[in-house]
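Hi,

Here is the structure I promised to pass on to you. Have a look at it first, and then read on for my notes.

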Amino acid sequence: MGAKHFGARVARLEDPALLTGRGRFVDDVKIPGVLHACFVRSPYAHARLLGIDVKPALALTGVHAVIVANDLPDPMRSESMPMLLPNPTISSLCTQHALAREEVFYVGQPVAVVIADSRYIAEDAAAAVAVQYEVLPAIGDCRDGIADGAPRAHSAVASNVLSTFQLAYGDVDAAFAGAAHVFEEEIWQHRGGGMAMETRAVLASYDAASDLLTVWSGTQTPHIGRRMLADLIGRELESIRMIAPDVGGGFGPKAIFYPEEAVIPAAALKLGRAIKWIEDRREHFLCATQERDQYWDIAIAVDEEGKILGVRGRMLHDTGAFVPWGIIMPYIAAATVPGPYVVPAYQLETKVVLTNKVPTTPVRGAGRPQAVFAMERLMDRVARELQLDRAEVRRRNFIQPEQMPYEVGLIFRDGKPLVYDSGDYPKGQATALADADYENFRERQRSALNEGRFIGIGIGNYVEGTGLGPFEGVTVRVLQSGKVAVATGATNQGQGTRTTLSQIVAEQVGCRIDDIVMTIGDTGAIAQGVGAFASRQAVNAGCSALLAGQNVRAQLIALAARVLGVNDSDIDLDDGKAVANTGNKPIIGFGELARLAQGIPGVSLPAGQAAGLEHTAYYAPQQAAYCSGSHVAEVEVDAMTGGVKIVRYTVAHDAGTVINPMIVDGQVQGGVAHGIGNALLEWMQYDENGQPLTTSFADYMLPMATDVPTCAIAHVETVNPLNPLGVKGAGEGGTIPAPAAIIAAIEDALSPFDVHFTETPLTPERIVAALRAAGAYEKLFAA
Amino acid sequence: MGKQATRLTVNGKAHARIVESRLTLADFLRHELGLTGTHLGCEHGVCGACTVLVDGRSARSCLMFAVQANGCDVTTVEGLTPDGSLSVLQQAFVDNHGLQCGFCTPGMLITLTELLRDNPAPTEDEVREALTGNLCRCTGYAGIVKAALDAAQRLRDRNGG
């Protein structure tokens, strides 16, 4: 065997092209004669659509068409977009039309599309399309939406409360009635958008000779997108090919199938021309799905020792104008609250409220950062009230490793009982605390305080259901060149999927990692696929790669043994060759074996010989894989400006078996950066009429290089017993507990002033306001 | 729309074109010259993905018209490695996991090329400060900062310290 790939810090195969300007993102795909699109979008959060006059736009030189809803093919002309994740509690099917019909429901909703020679002309023409609206009252805040007599967010939907559901187990009332202490928190949490650096992008081209519609889309889910598109335009799946080439970041919002992904292909078919639409950043702020506000009222009941007896509360979720992915985020949030702790009784009632804002769908973490923030704020509150160390309160309540597998008592979003497969939460926290030098922190804090500096420390623990089904697939095929082709429905937006899967296949098949030819994110390469979301690809695609690789390995060995006249057990596979360990050690290369596996025209294959040294495996996990972690944030707060500097950030992370530690560390570090944005910076604001107020990077802050420290990351590997690789997901864990740890650290830093924070993002203005209200400045100036 | 002539040198090669006055330098590079390594992430001058060198100084090619680059010498990511191999900085990005999706990467490389030219021995804080004009959503910057410091060290070693 050559170099060991699995588990090693293998350099990424993706890098050389991306570093030299040879990446191929959608806007880099050049098709001669391509036309460009610009969408006409609603300027109102809620309005009746009275009429569209396209003539002034059509009069401009270089404009080829202006397409409105009635110009679209059936059935998308009149039917709304499909909803991917149904839930019986959703009272009304709320998805949008690809182009608006009688009513518009959020600022930015597509109303028409202009097709022109250039994007510049298309933008000119879009401004010339005259749309008449009758403005309707809008719901700009979900708390207003539930008030008696509130206007309707949708004229045809009687209640703005689209869904009410409860997750519960145990006797919560009894737990609270008998508790030594009950503490309650009111929490506001905002999460912003995915804000991938590449905006969304669609290019469609129809080839009449092959009757094939090819769509390039900057999507996380090309196979799902193709299914949606086929239904909307009434074409067979086999006559559509969807390709996600290099995609510049995903983070959730690119897992959604959007109106633009249906309208651009429909326009390409209608005009018989290739058409490209590249979203601009302002459109991304207006129209790419986001997460947003949740309001929590949540209480914890504990005994004298701080052991949890029960948790109960209510949560309000602003879902925006539609539910393309159902109510998955509030559901996940509700199921994530108990986390790594023994919570004997639990009850959370959730209301999902329609507002006139862009729909919400999962953004990295998908409801979990909010749940973890709520639970960890309660744990910190218990510690403070009972005058216990915050780590000690958590230690007293951890699920112990010997309790695994641990049944929480809820049904998770995969439809299966929420059963933690494995994990060592006490060890995770102990590791993070040791690496953060938690023990000596109070000493550091005292000496900082003597210098007039306010530093604080905070802890965030979480458990995350990852690796969700239904399945993913990998095909492995040995080529006559001796190289190994791999195709997968998994996709790559920066996770290093190509590298990770190559590591697995190379190890199984016995070839060099650079002799793998991978096709990724292309419906033309593998029949079935799902895509990237829910930290699922290492589990789903990774295990598919393992199973397909094992199968092809067995085929290679059997064929080589027969050709070389030895037993199977005498064959080793290494470096693209089969070597017999007998006699004069005859060798046969993979290329020759691949040719033999094709047989001879007209001659039967030998008994037992499969055709073609090829296998496709579709791995379907039985349930989620539960990863976990502990984060410790140490911050310094400038009491005068409210500025927060994260001076040290420590992570202990359990993603099960690690395939490539470099890639997993990168996922964790990047996830933490996203969590820092959520904790301190990112806030997509709207006014009371649903008008977006933060539609540029000047108004909506992303973390910069000076905001994000380099994390100390430790891997606490507990092998997942439920899948053959032992892996769990790693893509979102970095984000999930970060706001909880950071806000706790800020509160700790400002403990001399006894301020309490229960919100994210916690901006400098709000820190200063809290300090002012607490009389901090009188104290500071007196000192 | 009005058109104007522009003559400029890009990655050492002279170009003379008549373009719309409002054509941005970024779109000119990407769509007129086919140099698609320069990316557009915001088109309002914050994200830095479109950063190129104009007469040796980093500039946002989304905020500049092609005709404003008349007479200028422009370097894009494609010009950092004329022989198609990897530069010291690019190799340091591979070794230190300085990129994930790769969309912001060309702008990062241009900004850091300028930094390492002007300041061969930057501190970590100086690297981070230089990178505040370039947003990355994937990496959390750790690998990029590490790559910059690693490349600076390798370049100093190569140049005899």
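Before the first finding, one definition: two strands count as paired if DSSP finds at least two bridges between them. On that basis, strand β8 (residues 181-190) of chain A pairs with strand β13 (residues 293-302) of chain A in the antiparallel sense, over ten bridges. Within this pair, I187(A) stands opposite W296(A) of β13(A). Please keep in mind throughout that this is a predicted model.

Both strands belong to an open sheet of six strands in chain A, with mixed pairing and the order β7-β15-β14-β13-β8-β29. At its edges are β7 (161-169) and β29 (759-760) of chain A, each of which pairs on one side only.

Next, the domains. Chain A is divided into domain 1 (18-23 + 34-136 + 200-278), domain 2 (293-468 + 622-782) and domain 3 (469-619). The centres of domain 1 and domain 2 of chain A, taken over C-alpha atoms, are separated by 36 Å. Their contact takes 20 residues from domain 1 of chain A and 22 residues from domain 2 of chain A. On the domain 1 side of that contact there are 14 nonpolar and six polar residues, and no charged residues.

One helix of chain A may also interest you. In α16 (residues 590-597) of chain A, the residues F590(A), L593(A), A594(A) and A597(A) are buried. These four lie on the same side of α16(A), because they cover an arc of only 105 degrees around the axis. The buried residues of α16(A) pack against β19 (472-478), α15 (537-564), β23 (577-580) and β24 (587-589) of chain A. After the helix comes G599(A), with a positive phi near 75 degrees.

Now to chain B, which has five helices and five strands. Along the sequence they follow the pattern β-β-α-β-β-β-α-α-α-α. Chain B is as compact as a globular protein of its length, because its radius of gyration is 16 Å, close to the 15 Å that the globule rule gives for 161 residues. Of the 161 residues in chain B, 55% are buried.

Finally, how do the two chains meet? Their contact takes 42 residues from chain B and 41 residues from chain A. On the chain B side, the elements that give two or more residues are α2 (88-95), α3 (105-118), α4 (124-130) and α5 (142-158) of chain B. By class, that side has 21 nonpolar, 15 polar and six charged residues.

Best wishes

How values were computed:
Residues numbered from 1 in each chain as written. Chains lettered and ligands numbered in written order. Predicted model: local features only at pLDDT ≥ 70, side-chain atom pairs only at ≥ 80, totals over all residues. Contact = placed C-beta atoms within 7 Å. Nonpolar A, V, L, I, M, F, W, Y, C, P; charged D, E, K, R; others polar. Domains from an automatic or database assignment. Buried ≥ 20, exposed ≤ 12 C-beta atoms within 10 Å, placed from the backbone. Arc of directions from axis to C-beta. Rg over C-alpha atoms; globule rule 2.2 N^0.38 Å.
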